[in-house]
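User: I am new to protein structures and would like to learn how to read one. Could you take me through some features step by step?

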Amino acid sequence: MRGIWFLTTLAFGLTAAEDGRDAWLRYARLPDNIIRQARVPSTVVSLNSTETSPVYVAGQEIKKAIRGILGNDIDITHKSNSKASSSIVVGTIDAFTATGGKTSAPEDLDEDGFWLSTKGNSVQILGQNERGALYGAFEYLSMLAQGNLSKVAYATSPSAPIRWVNQWDNMSGTIERGYAGLSIFFANGSTVANTTRAAEYARLLASIRINGIIVNNVNADATLLSDANMAGLGAIADAMRPWGVRVGISVNFASPQSFGGLPTFDPLDEDVIAWWTNTTDKLYTHVPDLAGYTLKANSEGQPGPLTYNRTLSEGASLFSKALAPHGGILMFRAFVYDSQNLKESNWKDDRANAAVDFFRDLDGEFDDNVVVQVKYGPIDFQVREPASPLFAHLRETGSAIELQVTQEYMGQQCHLVYLAPLWKTVLDFDLRVDDEKSVIGEDILSGKRFDKKLTGYTAVVNVGLNSTWLGTHLAMSNLYAYGKIAWDPKVDEVEVLQDWIRLTYGLNRKVIDTITEMSMDSWPAYENYTGNLGEQTLTDITYNHYGPNPQSMDNNPWGQWTRADSDSIGMDRTVWNGTGYAGQYPSAVASRFEQISTTPDDLLLWFHHVPYTHILKNGKTVIQHFYDAHYAGAETAASFPSRWASLKGLIDAQRYKEMLFRLEYQAGHAIVWRDSITQFYANISGIADSANRVGHHPWRVEAEDMKLTGYRVTGVNPFEAASNLQIVQTVDNTTAASVETTLHFPSGRYDLAVAYYDLYEGEARYELFLNDKSLGSWVGDLEHRLGYTLTRGIDGHSATRVTFKDVRIRKGDVVRIEALPNGRETAPLDYIAVLPAGVVD
């Protein structure tokens, strides 16, 4: 339900600093002109006095929020008074009507649904269950916090019962594909004793209507099943339960052998069955409302039933039967594929086929409490993939989509990428099963299309101890959007984004418009400068999934191939000539992807192998589009810092500065991406950029062309990670060094950008001089300031830039960089760019 918001152009209520820990639940005071129009009852009636109940915490949340938003202190009572003239009532419909209360709430609310009415003198927040009442309370408070004083009366229910998040937290406290510090759940092989952050996380999740969490890595450590750690899981569950969030865990298939001491983990072995039954029973004594298990089996080295020539459904039954008496669910990941034996040289081999090949013939053989958890695309969280066809094949088996909030392939929270528009391309996709409407979000994940009760959503989130939860402030829009989309996949991604902006940064119109525009530009820009036309994120898939390395996609068994050669590029996934993947879709969709003419250009290279000179629907050749798109994407990223800078004074200083730093980093790294990808494909294809940009940088001075003192010229690996294919680095790890050059550009004001490499295990120091006058210094310490996966190499991951703005330069001036290496960091330099105003290098 949308309402009317009071907006302002004034910067009001700004605090000296905010660290992001409150996320969108800041409850910042509204402007006085809005407060004067607000009419809020002075009493909250919370229809449960048990302090661990969601209804009780809902009452406390309302009191806290109204104090912050309006400055009012309101009373809380736990007994309904039908004669009271004005109150905020929060509870279940049953509890309210049992006290004689009258309501217009519908009787057919689904589990977790709620009724919200602000009409009349009182406010009714009534849930189908206690969790629903809590969700309704957060909805009411969200309206108030956004200055929405509309009178409303409506009911809403979730699109699907499963709305979970996954954490890939390790027992050591590290987080696989986490970019925001260490785990809030584990440290040093054990569960943590302090569950404060777990409770705070549950509060955030409840506010976006998430009802379950898997707290540990899908690459599970069996020691989580020790008695001490089970007790620790109980404490975590206790902390999260008042917020309506049920805890579950990932399990390791081989646990009976690796942890339990059995000689086997064969799922049909009676001792193995007994071991899992007893272990599950014991776990439920610690966590009585355990949501269930998540299982990654026979994938990327993880053990599974195929080890014993058992089917995946037989393996699933081992867990589903142990969970069933307790009401638990098994989430079985469909991410099953062979990462050892695929051969690119075999034209028919295709990792994308794996999920359907493994699961299609097992539909109907899984127990009723098994849900197949399907990544949104058939590969692995790429910048664009077609929707997984597996959703069309699971007619009798519960299914859930797996999204990824943590930006594993999307810039690892160092690049602004608002992901909701990407997710919507999948959720809004119509699979046309039996040539009938079969939209993935609206029809399939809701359970309506195949009449299924267990369906839903999961997302890999990976919050950490960082105060921003995800490592950077703007990335939290993705977590917020995930929750809202899981509740209603038809929701508009722009409206959701703007709700989040108002809650996070306030009601200023310029702030809302600017962050909206930047966010909506961010995914198309990232796709443009990383990998477009369906060619996936052209990152280093064999290493850390961060910086550019297109050649790593091919010539290995991981199956994320581009099959690029000197003449052509793309995967032929047609039935008539390729891997047959297109034929996994229902016929109406398969026929569209089978033909180049009916395949959309943004998925062309996913489905077809074509010459670089193939003409796209936009009239450009494939290779020229590649060049143009990468330059356009980097240019968009280059605009982010100045757009954000226009908000100075309208956002608190701490969050403003922290975000500006990351956007400036992104602008530089987008150029690294652009140059690496375009240089690689220019080299492999031998076709020049018609705009003469690729390999031509008129505003750069290459480091290897400067006067070197204590430096040596070297290449890099991959070769395209350096401008002009060469860099300089110090002759050893301790001796000071310098580069120097005379500038021959026309006199004027320029930005000076220095391209260098920032490695892990070293903090080199640099200082930039112009005619012996210092312009500034910096340290190679991004490993402490950014959260991306660390690298020890001079490559596309470590490549970065620092820029000195608006420097007056005269023709003939001498620029010098003095550097001191440290540890592994040999102060590597690539070039200096001398950029006139408005020029993106």
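Analyst: We will go through cores, aromatic rings, backbone angles and a pocket in turn. This is a predicted model, in which local features need pLDDT of at least 70 and side-chain atom pairs count only at pLDDT 80 or more, while totals for chains, interfaces and linings use all residues. Residues are numbered from 1 along each chain as its sequence is written, and side-chain values use heavy atoms, with hydrogens and water left out.

User: Happy to start. Which residues have the most contacts inside the largest nonpolar core?

Analyst: In soluble globular proteins, nonpolar side chains tend to be buried together. A nonpolar core is a set of buried Ala, Val, Leu, Ile, Met, Phe, Trp, Tyr and Cys residues joined through side-chain atoms within 4.5 Å. Buried means under 20% relative accessible area, exposed means over 50%, and partly exposed lies in between (1.4 Å probe, protein chains only). Here the largest core has 203 residues, and Trp24, Tyr201, Met240 and Trp644 have the most contacts inside it. A second, separate core of 29 residues includes Val739, Leu743, Leu752 and Phe804.

User: What does Met240 touch?

Analyst: Contact means heavy atoms within 4.5 Å. Leaving aside residues up to four places away in sequence, the contacts of Met240 include Phe185, Tyr201, Leu205 and Val247.

User: How many aromatic pairs are there in the whole structure?

Analyst: A pair of aromatic rings is described by the distance of the centres and the angle of the planes. Rings of Phe, Tyr and Trp (its six-membered ring) pair if their centres lie within 6.5 Å; planes under 30 degrees apart count as stacked, over 60 as edge-to-face and the rest as tilted. The search of the whole structure finds 42 pairs. One of them joins Tyr505 and Trp644, edge-to-face, at 6.0 Å centre to centre with 80 degrees between the planes. Tyr505 lies in helix H14 (residues 493–505) and Trp644 in helix H18, so this pair ties together parts that are 139 residues apart in sequence. Helices (H or I, at least four residues) and strands (E, at least two) are DSSP runs, numbered from the N terminus.

User: Are those two residues buried or exposed?

Analyst: Tyr505 is buried at 5% relative accessible area, and Trp644 is buried at 0%.

User: Where does the charged end of Arg209 sit?

Analyst: A charge sits over a ring if NZ of Lys or CZ of Arg is within 6 Å of the ring centre and within 35 degrees of the ring normal. The charged end of Arg209 sits over the ring of Trp487, 4.8 Å from its centre. Arg351 lies over the face of Tyr337, at 3.9 Å from the ring centre.

User: Now the backbone, please. What is the phi of Ala23?

Analyst: Most residues other than glycine have a negative phi, and most peptide bonds are trans. Ala23 has a positive phi, near 50 degrees, and is buried, with a relative accessible area of 8%. Asp806 also has a positive phi, of about 55 degrees; Asp806 is in strand S27 (residues 799–809) and counts as partly exposed at 46%. The peptide bond from Asn717 to Pro718 is cis, with omega near 5 degrees.

User: Last topic: what is the volume of the largest pocket?

Analyst: The volume is about 1,000 Å³. On a 1 Å grid over the protein atoms alone, a cavity is a set of points where a 1.4 Å probe fits but cannot get out, and a pocket is an open set with protein on both sides within 12 Å along at least five of seven lines; lining residues have an atom within 4 Å of a point. Grid points are joined across faces, edges and corners, and a volume is the space filled by probe spheres set on the points. Of the 45 lining residues, Ser157, Pro158, Ser159, Trp487 and Asp488 are the closest to the centre of the largest pocket. Helix H4 gives the most to this lining, with four residues.
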